[in-house]
Structures are given as structure tokens and as C-alpha cells.
Amino acid sequence: MNVPTELRLVLLGPADAGRKAAVCSLLGLQDNPQGSTDVQECSKFSGEVCGTQVTVVSSPAWFNSAWSSADRRKVISSFIALSSPAPHAFLLCVPVNQPADGEAKALDALETLFGPSAVAENTIVLFTHMEELWEDEQLEDYIVTWRKDLRELVERCGGSYHTLETRNGGEEDRKAVEGLLAKVEQAALKTGAVSCPLYEEVEERLRERQQEILRQRTAEMTDEELEAARLEAERSIGGLDVNLDHIFSSTTAPPDPPAPSLLWGWWEKLVGWIRWLPSLVRREALFGSLIGLFVGGTLGGAVGATAGSVVTEVGRRKEKKNE
């Protein structure tokens, strides 16, 4: 199988997960590219990267529990149409400083819509907010040692993960983009683009709609006008049969869930507090606090405090030994 002349990527994640920055990094765009990655709809961007034509479809986090079934179906229909005939990779934006709340359900949804291989072979976890890691900390070490939730996401994606965020910028940023495209090309050589009946159905509908648009215009059309007709056809596709209520609906309807969730609020407060601590005890305090948070009650507080103290002391002795 040959390397495709065009790579099509679907970027998934909330606005605060770094979708906009990822689009800019991938395509070498300015901070405010034409179109928006922050609104609750899909956007499409194209450009030449390292000699390859790259198309990026940016999709909001429809896997968030706050989304209604109708809105979720609308956005999924949109990103499928915009990335047709099929993407070569899904890029799941995951901040390293937040719990992997809905990302596991996103993978469940991709498996349901496009088949297990779409996740295991065509999905890459794209980690963001790398500035939250310690200066000398490696991403792999952080995932393996501290974040079981992130490790499980990576394992479901066949071990494929990446980040476009570097500490020094410039040449490192360029190499990060090249590295990501190399992983996408490797997957494309192995499996090709995502193949499933849903994308086949959408591509057939797009061609029919594009022909309707072209028949309404008698004059000979330029390549730009043909592309515009294609985009118009893509924007008109909707109402696909993508019911995912079995994944996102709970068996028992909770009474008016808060937004954000209570757990999310706890996490944000905890992370905000941890960032003010000295670097020596920051992670150890986080470890103890998380134990206290999930065990709960007086017992949880005592166990968390003890665990945090023990790990802190181990860290101090280790640093002293290395001096």
C-alpha cells in the first residue's frame, strides 16, 4: 500500500484541550486561523506540511456528558461528512493535567461507529498542556507512573500517542509535527484510511449532492469552484443514524447534574492548590490528596495524609542521596 498523497485527520477534544493550538502547529497557521476551533461546531482546515497535503477536521467534544443526543448526532454527522471519504487518523486531544473524564467514552463511540480497528489502529492520543509537567519529566514516565487513566487510553489506541508541544519551540516543534505525520503515514501504510459502511454511505450521498449542485451551474467551473461545491455538499449532510445513547445515557437519570461535575470541581481546586506547593512535595501531596479524595471521610483523610507524608519523605531521602 502506497503512502497517500493527502492525509485526512480528525481532531477531537474540547476547546480548552488545545485543539486550536494543535491545528496551528500542524498546519503552520497563525494564532487566529480562518474559521474557529472553539465554537460548538466542526471546522475544516487544509495546508501543505512537509510536502504532503494535510486536511484537519476539528471537532468539539461531543463525548462530553453535557451534550444532548440531538446535538451529538449533529456534530458527529458533520465531522464524518467533512472528513469523507475517510480519515487516516483520529487525534484525541487529552490534557495531561486533567482527569480523562469523557475520553474513554469517545473511544467507545468511535468503536461503535467505525469498528474496533478505527481505535486500535487509526487513533492517536495527542497529549496537550505539557507545561504542567516538571521540567525534567518525560511524558512516558508520567503516564506510566502516575496516570493509569491516561495509560489505559493509550493502550486502547494500540500504544500510539504523541504531543506537539515542546519546551524549546522552533526546530523541536517542526520535528514534533514530522513525528506525528510519520505515525499517521505508518498507520495508513498498514491499514489505509478508516473503512466502514458509514463512511461509504456518506461518500455516496456527498457525490449525489455535489452532482445536484453542479447541474444547477451551467458555466464551466474552476478547481476552486469544484472544491466549494464539495464543501457545500459536505455542509449539507446531516441526520446520520449515529445513535449513541447506550454509551452516553446512564441507566438511572441523575437529578440535574451540575456542570462541571462535582468531581471535576474537586480536581480543579486540587490542581490549583498543588501548583502553589514547592516542587519537591508537589507530586507527593497530590498523591496523598487523591487517596483522601477517593477514599473519603475521616479515614480517607488520615490514609491520604499518611501516604503523602511517606512518599514525601522517600522523595526527600532520594534527593539527598543524589546530592
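**Helix packing and aromatic contacts**

Helices α2 and α8 are roughly perpendicular to each other, because angles of 65 to 115 degrees count as such. This is a predicted model, in which local features need pLDDT of at least 70, side-chain atom pairs count only at pLDDT 80 or more, and totals for chains, interfaces and linings use all residues. Residues are numbered from 1 along each chain as its sequence is written, and side-chain values use heavy atoms, leaving out hydrogens and water.

**Helix packing**
- Helix α2 (residues 69-82) packs against helix α8 (residues 197-215) at an angle of about 70°, and their axes are 9 Å apart.
- The axes are lines fitted to C-alpha atoms over the stretch in contact, and angles run from 0 to 180 degrees between N-to-C directions.
- Phe79, Ile80 and Ala81 in α2 meet Leu198, Tyr199, Val202 and Leu206 in α8, where contact means heavy atoms within 4.5 Å.
- The residues of this contact comprise 7 nonpolar, no polar and no charged.

**Aromatic pairs**
- The structure holds 8 aromatic pairs, meaning rings of Phe, Tyr and Trp (its six-membered ring) with centres within 6.5 Å.
- The ring centres of Trp62 and Phe63 are 5.5 Å apart with planes at 80°, so this pair is edge-to-face (planes over 60 degrees apart).
- Phe79 and Phe90 also form an edge-to-face pair, at 6.3 Å centre to centre and 85° between the planes.
- Phe79 lies in helix α2 and Phe90 in strand β4 (residues 89-95), 11 residues apart.
- Both Phe79 and Phe90 are buried, that is, under 20% relative accessible area (1.4 Å probe, protein chains only).

Key:
Helices (H or I, at least four residues) and strands (E, at least two) are DSSP runs, numbered from the N terminus. Angles under 35 degrees count as roughly parallel, over 145 as roughly antiparallel, 65 to 115 as roughly perpendicular and the rest as oblique. Ala, Val, Leu, Ile, Met, Phe, Trp, Tyr, Cys and Pro count as nonpolar, Asp, Glu, Lys and Arg as charged, and the others, Gly among them, as polar. Rings of Phe, Tyr and Trp (its six-membered ring) pair if their centres lie within 6.5 Å; planes under 30 degrees apart count as stacked, over 60 as edge-to-face and the rest as tilted. Buried means under 20% relative accessible area, exposed over 50%, partly exposed in between (1.4 Å probe, protein chains only).
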